[in-house]
Amino acid sequence: MGRVLLVSTLDEGNTPSRFSAMSWPRAEFDLDAYERKVSDGSCFICDLTRSDPPSDEIVYRTESHIAFLNRFPTLEGYVLLAPVEHREQVIRDYSLDEYLELQVALFKLGRAISEVVDTERLYVLSLGSQQGNRHVHWHLAALPPGVPVSSQQFSALMPEKAGYLMIPPEERLRFAARIRQVLKEPGP
Ligand SMILES: [Zn+2]
C-alpha cells in the first residue's frame, strides 16, 4: 500500500493552493455492505443530483454533468464525473457530440486534479454494473509519485484491496474548493 499524499498550504482566503505529501489512515472496505447498498434499487448518482441542500460530496455541477468526491477514495484527488441525466451505457447511450461534450469536461477536470495534487499518473476509467451502480460515471484518480509498481493500476483503485483513505471532511471540502477555483466553477 503506497504512502499517499496530502494536506494543504493556505493562501489568501483560506483556500489551499496546493496539496502536498501526507498520509491518511486507511479503513477497511466493507464489500458486502457496499454491494447491498448499490443493489437496493435506488441510483446514488440521481440521488446526488437531487440532494437538497446539495451534498458536500459535490465538487461542482452544470446543466449536463456533475463532479463529486469518491466516498471511498483509495487515492488522494479522486473525483467522479457523471451526466446529470440517468444514462447507463458509456458509449451506446450517447451521440458523438454528447460524448465529446462529456470528454471535454473530463479533460478539464483531469487537468485541474493534476494541478491540485501531486500526480505521477492520472487514471481515467468508466466502470459500473447493471446489477448495481448503473448510472454512467467516470473515475479520475491521481496516482502520486512513490507508489510501488505492485500497488499501482487496479491495485491502487480497489478499496477492497487497498482500503480507503479516511480523509477528514474539512480536507475533502478544501480539495473540492480548490478544484472549483482552478475550474472557475461556482459551488454546488
Ligand atoms: Zn441515475
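Predicted model: local features only at pLDDT ≥ 70, side-chain atom pairs only at ≥ 80, totals over all residues.

Residues are numbered from 1 along each chain as its sequence is written.

**Overall picture**

- The average pLDDT of the protein is 88, and 88% of the residues score at least 70.
- The protein contains six helices and nine strands; these are DSSP runs numbered from the N terminus, helices being H or I of at least four residues and strands E of at least two.
- Among contacts between residues at least 6 apart in sequence, 64% join residues at least 24 apart.

- Five strands form an open sheet in the order 4-5-6-8-7, with antiparallel pairing; two strands pair if DSSP finds at least two bridges between them.
- Strand 4 (58–61) and strand 7 (121–126) are at the edges with a single partner strand each, so one side of each has no neighbour in the sheet.
- On average, neighbouring strands of this sheet are turned by 20° against each other, direction ignored.
- Strand 4 and strand 5 run antiparallel and are joined by three bridges; the two form a hairpin with three residues between them.
- In this pair, R61 stands opposite I66 in strand 5.
- Strand 6 (residues 78–83) and strand 8 (residues 138–143) are antiparallel and share four bridges, and Y78 has A141 in strand 8 as its bridge partner.

**Helices on the sheet**

- Helix 3 (residues 96–116) packs on the sheet and touches strand 5 (65–69), strand 6, strand 7 and strand 8, its direction making about 20° with that of strand 8; axes are lines fitted to C-alpha atoms, for helices over the stretch in contact, and angles run from 0 to 180 degrees between N-to-C directions.
- Helix 6 (residues 169–183) lies across strand 4, strand 5 and strand 6, at about 25° to strand 4.
- The buried residues of helix 6 are R174, F175, A176, R178 and I179.
- K184, which follows helix 6, has a positive phi near 60°.

**The nonpolar core**

- The largest nonpolar core has 31 residues, and V59, A67, V79, L81, I113 and I179 have the most contacts inside it; such a core is a set of buried Ala, Val, Leu, Ile, Met, Phe, Trp, Tyr and Cys residues joined through C-beta atoms within 7 Å.
- Elements giving two or more residues to this core include helix 2 (44–49), helix 3, helix 4 (154–157) and helix 6.
- Leaving out residues up to four places away in sequence, A67 touches V59, Y60, V79, L81 and L109.

**The loop residue T74**

- T74 lies in the loop between strand 5 and strand 6 and counts as buried because it has 25 C-beta neighbours inside 10 Å.
- Beyond its neighbours within four places in sequence, T74 is in contact with A156, L157, M158, P159, A162, Y164 and L165.
- T74 and A162 are 88 residues apart along the chain, yet their C-alpha atoms are separated by 6.5 Å.

Technical notes: Contact = placed C-beta atoms within 7 Å. Buried ≥ 20, exposed ≤ 12 C-beta atoms within 10 Å, placed from the backbone. pLDDT = per-residue confidence, 0-100.
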